[in-house]
Amino acid sequence: MSEQPLMNLSQPQPVSGWNAATSSWLPAVILLLVTIVLWEAAVRIFSISSFIVPAPSEIAKSLVAQWGTLMQATVVTAGEILFGFLVSVIVGIALALVIVRFDWLGRALYPLVVLFQNVPKVALAPIFILWFGYGLAPKIGLILVIAFFPVTLSMLAGMQSVDRSLLSLVNSVGASPTQILFRIRVPHSLPSLMAGTKIAATLSVIGAIVGEFAGASDGLGYVIQFASTQLDTPLVFAALLLVSVLGIAFYYAAEILERIVVPWAPKFSQA
Amino acid sequence: MQVETIRPAGGRSTHIRHDDLISAKGVSVVMGTDQNRQLILRDIDLSVPKGSFVSLIGPSGCGKSTLLKVLAGLVSPSSGSVSVAGVSPGEAARKRMIGLVFQDANLLPWKNAVDNASMLLGIADKSMSRAALRARGQEMLELVGLGDAAHKRPNELSGGMRQRVAIARALALDPAVLLMDEPFGALDAITRDSMGQSLLEIWQRTGKTIVLVTHSIDEAIQLSRQVHVLGINPGRITQSLDIPLPYPRDTSVTEVPEFVRLVLQLRTMLRSSHEPGDAT
């Protein structure tokens, strides 16, 4: 998200359409290819053992050989991420609405939510396994505690940043608190909420993998852990690659959602 | 074209006319905490006749915006009384008798112009159908000269157009009085001129009472029937100036010798209003 404005800075003048897209992506693609080639060369020249740093070609071989297992694990992890992400967004929004609408409840809840944010939630994973077993539930729970906070916080920030004179305008004609909430505050918070949702999408991937590390019999996190005990480092890297692809996919899905939900919002990341 | 009454500072006008839409008597506003109390407005007497166009002008910090907020019911005076159409400002606002326009148009970015224009009316009158609100919004957009921009979102409108939508939104309530706080303050000079002309046309067509807060001497004289000058420390009405130029006025009014004379007079009044009220 942050690399695109940087690219814009290095562009002397606006280039239109396909050319603009190519010229903004090309340097990154070239750098990536050069890195892969250097990596491959370094591993071969210094004959580094493949269980310490596998060459890109080894990783690719492993990816092809274990394709079936890896795909099955990817589907499991993707399911956890999607489910956990949706639960986080729903809970996060509900919490923000309750905090804003019911003042006394908000004053009770908000400090506790912030306090809870300081708990290292990754450390909760073993407890969730203890409580909910090895299935889907502990992963959803872990994603929820990791990912709801940016949703709640960004929506609260959006709802509370409504201009005072706009509020006095609607107050002067006798608007009810519910009217102000749903006609002004909630729509006004959407651009900010969508930014928080994108962060939650990224955190959901982390939550799922950590959940699988703590105890699972399936999924990419499980593959990574299992492969590393077998010293099958190429497989570890292959699984890592797929986790990264999942992360990118979820991030861009959230960004597409943003464009659908708030087409009127000012664009921060225009290529 | 003859008389202009200059009221000395602190002098109370004794004649209270029956057709005053707004009347404030002895209004003072104190703000701040107990340790740091500040007298924002002192002993304001103001009467605005029905159908009139009145401007409040003064140096920044004189409390002219606060005075407008008092008239709108957004700030309650610490002492004194205010009535708008015979009731308290707050009640008048709830009865949709007050239309507000601020320097910032404050449009909802997710709604198009016509929905923005009818937004306040929709909140105030829950019984109105969507179609009726749209029709009213469209009617008001046409009144402010934006009839063909109904489906544009605020980010597709210029600053002047956004402010026109804000005026349409206030007019949609069909208020008795339009209270405007530096509505053209953020606009460039050319846009300001055409907005002023439009406002005059709207005023003459609808017969609304208008109270305009401005820091522009030209604008105050060009548009209003009466100008009240506010002094600073504390904010108070130091002088009032009647503008006897005939309506309808257009921008050519600025070339009339009488206009130039009024500008000079108002400028002198403003200069003396900078002096603190309490001789120290």
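Mentor: Strands count as paired if DSSP finds at least two bridges between them. Strands themselves (E, at least two residues) and helices (H or I, at least four) are DSSP runs, numbered from the N terminus. This is a predicted model, in which local features need pLDDT of at least 70, side-chain atom pairs count only at pLDDT 80 or more, and totals for chains, interfaces and linings use all residues. Residues are numbered from 1 along each chain as its sequence is written, chains are lettered from A and ligands numbered from 1 in the order written, and side-chain values use heavy atoms, without hydrogens or water.

Trainee: Then how many bridges join strand 8 of chain B to strand 9?

Mentor: Six bridges link strand 8 and strand 9 (residues 236–242) of chain B, and the two run antiparallel. Within this pairing, Val227(B) stands opposite Leu241(B) of strand 9.

Trainee: And what do strand 8 and strand 9 of chain B form?

Mentor: They form a hairpin with four residues between the strands. In its turn, Asn233(B) has a positive phi of about 55 degrees.

Trainee: Does strand 3 of chain B run parallel or antiparallel to strand 8?

Mentor: Strand 3 (residues 53–57) runs parallel to strand 8 of chain B, and four bridges join them. Here Leu56(B) stands opposite His228(B) of strand 8.

Trainee: How many residues of strand 8 in chain B are buried?

Mentor: Six of the six residues in strand 8 (226–231) of chain B are buried, meaning under 20% relative accessible area, while exposed means over 50% and partly exposed lies in between (1.4 Å probe, protein chains only). Gln226(B), His228(B) and Leu230(B) point one way from the strand, whereas Val227(B), Val229(B) and Gly231(B) point the other way.

Trainee: Moving on, is Ser118(B) buried or exposed?

Mentor: Ser118(B) counts as buried because its relative accessibility is 4%. Its place is in the loop between helix 3 (113–117) and helix 4 (119–124) of chain B.

Trainee: And Leu32(A), buried or exposed?

Mentor: Leu32(A) counts as exposed because its relative accessibility is 55%. The residue lies in helix 2 of chain A.

Trainee: Which residues of chain A does the "transmembrane region" annotation cover?

Mentor: The unreviewed UniProt entry gives that annotation to residues 20–39, 81–100, 112–134, 140–159, 193–215 and 235–254 of chain A. Such annotations may be inferred rather than shown by experiment.

Trainee: How far apart are the end C-alpha atoms of residues 112–134 in chain A?

Mentor: They lie 29 Å apart, and the span is 61% helix and 0% strand. For residues 193–215 of chain A, the end C-alpha atoms lie 32 Å apart, with 96% helix and 0% strand.
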